[in-house]
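Subject: Structure handover

Hello,

Here is the structure you are taking over. My notes on it follow below.

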Amino acid sequence: MEGCRRVLHVSAPMDFQDNEPEAVLTQRSVDGALGIVKSCLRSKTVKRVVHTSSISAMCFNKENVERMDESFWTDVDYVRSELNSYVSSYAISKTETEKAVSEVATEHGLDLVAIIPPIVVGPFICPKMHG
């Protein structure tokens, strides 16, 4: 990261075949994103990180509102009880990852912007999923 001024973090582990437990997928996602943020902090040159999150990090809860802002998070317990497992694993991992990177960035004064796309479409890098 040294020498970079801006970093785009645009990946996340996904398990459409439901082979990994939610906790494992979430921990891999959090660890990977925090590794990137911490590398940015160590570089002393990175001024802004753009973290690609997901609407799934904010929209799954019991609240019925017209507008959501930075204070809305997906209710992890609600997701566990209401969604099928690979969707819940993804939503929980995106929620916990965004919370973790936001906390570390705030704590260390790193300019972090979270992008919340409603859907990301493109080629997958795994051989069993075609884009």
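I start with Lys-44, which lies in the loop between H1 and E2. The model is predicted. Lys-44 has a positive phi of about 65°, although it is not a glycine. Most residues other than glycine have a negative phi. With a relative accessible area of 66%, Lys-44 is exposed, because the cut-off for that class is over 50%.

Sheet

Three strands make up an open sheet, with the order E1-E2-E3 and parallel pairing. E1 and strand E3 (111–115) are at the edges and have a single partner strand each, so one side of each lacks a neighbour in the sheet. On average, neighbouring strands of the sheet are turned by 15° against each other, direction ignored. Helix H1 packs on this sheet and touches E1 and E2; the direction of H1 makes about 180° with that of E1.

The pairing can be given bridge by bridge. E1 and E2 are paired in the parallel sense over 4 bridges, while 5 bridges join strand E2 (residues 48–52) to E3, also in parallel. His-51 is the bridge partner of His-9 in E2, and His-51 also stands opposite Ala-114 in E3. E2 is mostly covered, with 4 of its 5 residues buried.

Thr-52

Thr-52 is found in strand E2. Its relative accessible area is 15%, so Thr-52 is buried, the limit being under 20%. Which residues is Thr-52 in contact with, leaving aside its neighbours within four places in sequence? They are His-9, Val-10, Lys-94, Ile-115 and Pro-117. The C-alpha atoms of Thr-52 and Ile-116 are separated by 6.5 Å, although the two residues are 64 residues apart along the chain.

Salt bridges

A search of the whole structure gives 4 salt bridges. The ones I looked at are these:

- Asp-111 and Arg-48 form a salt bridge, with the closest N and O atoms 2.8 Å apart. This pair links distant parts of the chain, as Asp-111 is in strand E3 and Arg-48 in strand E2, 63 residues apart. Asp-111 is partly exposed at a relative accessible area of 32%, and Arg-48 is partly exposed at 36%.
- Arg-28 forms a salt bridge with Glu-20, the closest N and O atoms being 2.9 Å apart. Arg-28 counts as partly exposed at 43% relative accessibility, and Glu-20 counts as partly exposed at 25%.
- Asp-77 and Arg-80 meet through their side chains in a salt bridge of 3.5 Å, N to O. Both residues lie in helix H2 (residues 76–82), 3 residues apart, which is about one turn of the helix. Asp-77 counts as exposed at 55% relative accessibility, whereas Arg-80 counts as partly exposed at 45%.

Asp-77 and Arg-80 also belong to a network of salt bridges that includes Glu-22.

Surface patch

Met-14, Phe-16 and Tyr-86 form a nonpolar patch on the surface, and together they have about 250 Å² of accessible area. Phe-16 is in the loop between strand E1 (6–9) and helix H1 (22–43). At 31% relative accessibility, Phe-16 counts as partly exposed. Patch members need over 30% relative accessible area, so Phe-16 qualifies on that criterion.

Regards

How values were computed
Residues are numbered from 1 along each chain as its sequence is written. This is a predicted model: local features need pLDDT of at least 70, side-chain atom pairs count only at pLDDT 80 or more; totals for chains, interfaces and linings use all residues. Side-chain values use heavy atoms; hydrogens and water are left out. Patches are made of residues with over 30% relative accessible area and no salt bridge: like charges are joined within 9 Å, nonpolar side chains (Val, Leu, Ile, Met, Phe, Trp, Tyr) within 5 Å. Accessible areas come from the Shrake-Rupley method with a 1.4 Å probe; for residues, only the protein chains shown count as cover. Helices (H or I, at least four residues) and strands (E, at least two) are DSSP runs, numbered from the N terminus. Buried means under 20% relative accessible area, exposed over 50%, partly exposed in between (1.4 Å probe, protein chains only). Two strands pair if DSSP finds at least two bridges between them. Axes are lines fitted to C-alpha atoms, for helices over the stretch in contact, and angles run from 0 to 180 degrees between N-to-C directions. Contact means heavy atoms within 4.5 Å.
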